[in-house]
Structures are given as structure tokens and as C-alpha cells.
Amino acid sequence: GVGGGGHRMTSFGSSSSFTLNQSGGALRVYGDMDLKSGSTINQTDNAGVLVLRDTIYMGSSGTTTFNQSGDTATLVLGRLESTSGNNQCDFVFNQSGNGLIHFAYGSNLAKAGTITLNQTGSGNINIGGGHDTSITGSLPNRSDYSLTSFEAINTTYTINQTGNGTITVHDNATIAVK
């Protein structure tokens, strides 16, 4: 289930939205996956590592929220994609700690959507740059692995930065900001 989108091995929130709370440890999901729009993912305390490495297909319409307050939290996303042209997918990322949020390969949304970054802490948010394999683990050695370049299709970024953190847009990552 890596790269082609035809067979997804992992599904979060199959029939309704859900809340995932991480306060430690590591959760690494490899392969294309489904994530129900409208869900909430919270990384608190010494949250550890959450990697959704490959393509994350968004089911249905809604706003999906990621809250990161843990000072040692790491969140890595491969590419966000909507599963239908009728799905309105928006994303809110709230970072109040000293963690890391990394959008490795951006987004490809069928209908115009937003990624809102609210940074009030002293963490780092990286947009583009591909995967850091020291965090994600090695990548498949396959010619059909689809995550090779950054995309921001039908996506507008809204950036609200009041903390002393850093937001980096890496080479070859072009975004529209409002």
C-alpha cells in the first residue's frame, strides 16, 4: 500500500471522526492510510514521535486538528490528499511547545482547502524537504514510490506566529500564504 493509493492498510476513524492522544512513545505508520476528516490528534507532555510517513487520504469533509504542546514532540506527515472532489478538507496545526512538525511532501487536495499553522511556542515547523530518515526510518527502494516531490495543490497556508519558533519553507516547496 505504498505510493499507489489502491490498497490502504491502515484506517483511522473509519465511520466517524476520532481523537488520538499521544503523551509518550513512538507511533510510526508506513504505507498509504485513510484518516477521517474532523478528527483531532493531540501530542502532549513528552509526547515522543508520531510519523504518518506516506500518503494520508482524507475521508469526507471537515477540519482535522493537530495539537502539539509537548516540548519533545515530533510529528511527521507524508502528503495529505483528499479522496473525492466533493470533500472540503481543512487542517489546523497548533504548536505551543518546543516540538517539531514536518510536512515532508505537502498536500494534493481535490477541492480548495487550507492548512493553518498557529505557532505560539518555540518549536520548529518544516514545510517540504522530504523525509528525515533518522526519524521516519528508511524509505522503500521502489521506482513507483509516489512521494518524491513537494506539492501544494489546491492548498492555501495561513500562518499565525506569535511565539519565538521557526517556520522553514525548504527548497522546492512553493506555497501560497494568506
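Author: A cavity is a set of points, on a 1 Å grid over the protein atoms alone, where a 1.4 Å probe fits but cannot get out. The model is predicted: local features need pLDDT of at least 70, side-chain atom pairs 80 or more, while totals for chains, interfaces and linings use all residues. Residues are numbered from 1 along each chain, and side-chain values use heavy atoms, without hydrogens or water.

Reader: What volume does the largest cavity have?
Author: The structure holds 1 cavity of 30 Å³ or more. Volume is the space filled by probe spheres set on the grid points, joined across faces, edges and corners. For the largest cavity it is about 30 Å³.

Reader: Which residues line the largest cavity?
Author: Lining residues have an atom within 4 Å of a point. Those of the largest cavity are F12, F18, L20, L35, I41, L50 and L52.

Reader: Why is β8 largely enclosed by the rest of the structure?
Author: β8 (74-82) is a strand, a DSSP E run of at least two residues numbered from the N terminus. Buried means under 20% relative accessible area with a 1.4 Å probe, protein chains only. β8 is largely enclosed because its buried residues number 9 of 9.

Reader: How many bridges join β6 to β8?
Author: Strands pair if DSSP finds at least two bridges between them. L50 stands opposite L75 in β8. β6 and β8 run parallel, and the bridges joining them number 8.

Reader: In β11, which residue is the bridge partner of E81?
Author: β8 and β11 pair in the parallel sense, over 2 bridges. In β11, the partner of E81 is N108.

Terms used
1 Å grid on protein atoms, 1.4 Å probe; cavity = no way out; pocket = protein on both sides within 12 Å on 5 of 7 lines; lining within 4 Å. Helix = DSSP H or I, 4+ residues; strand = E, 2+ residues; numbered from the N terminus. Buried < 20%, exposed > 50% of the residue type's maximum accessible area, 1.4 Å probe, protein only.
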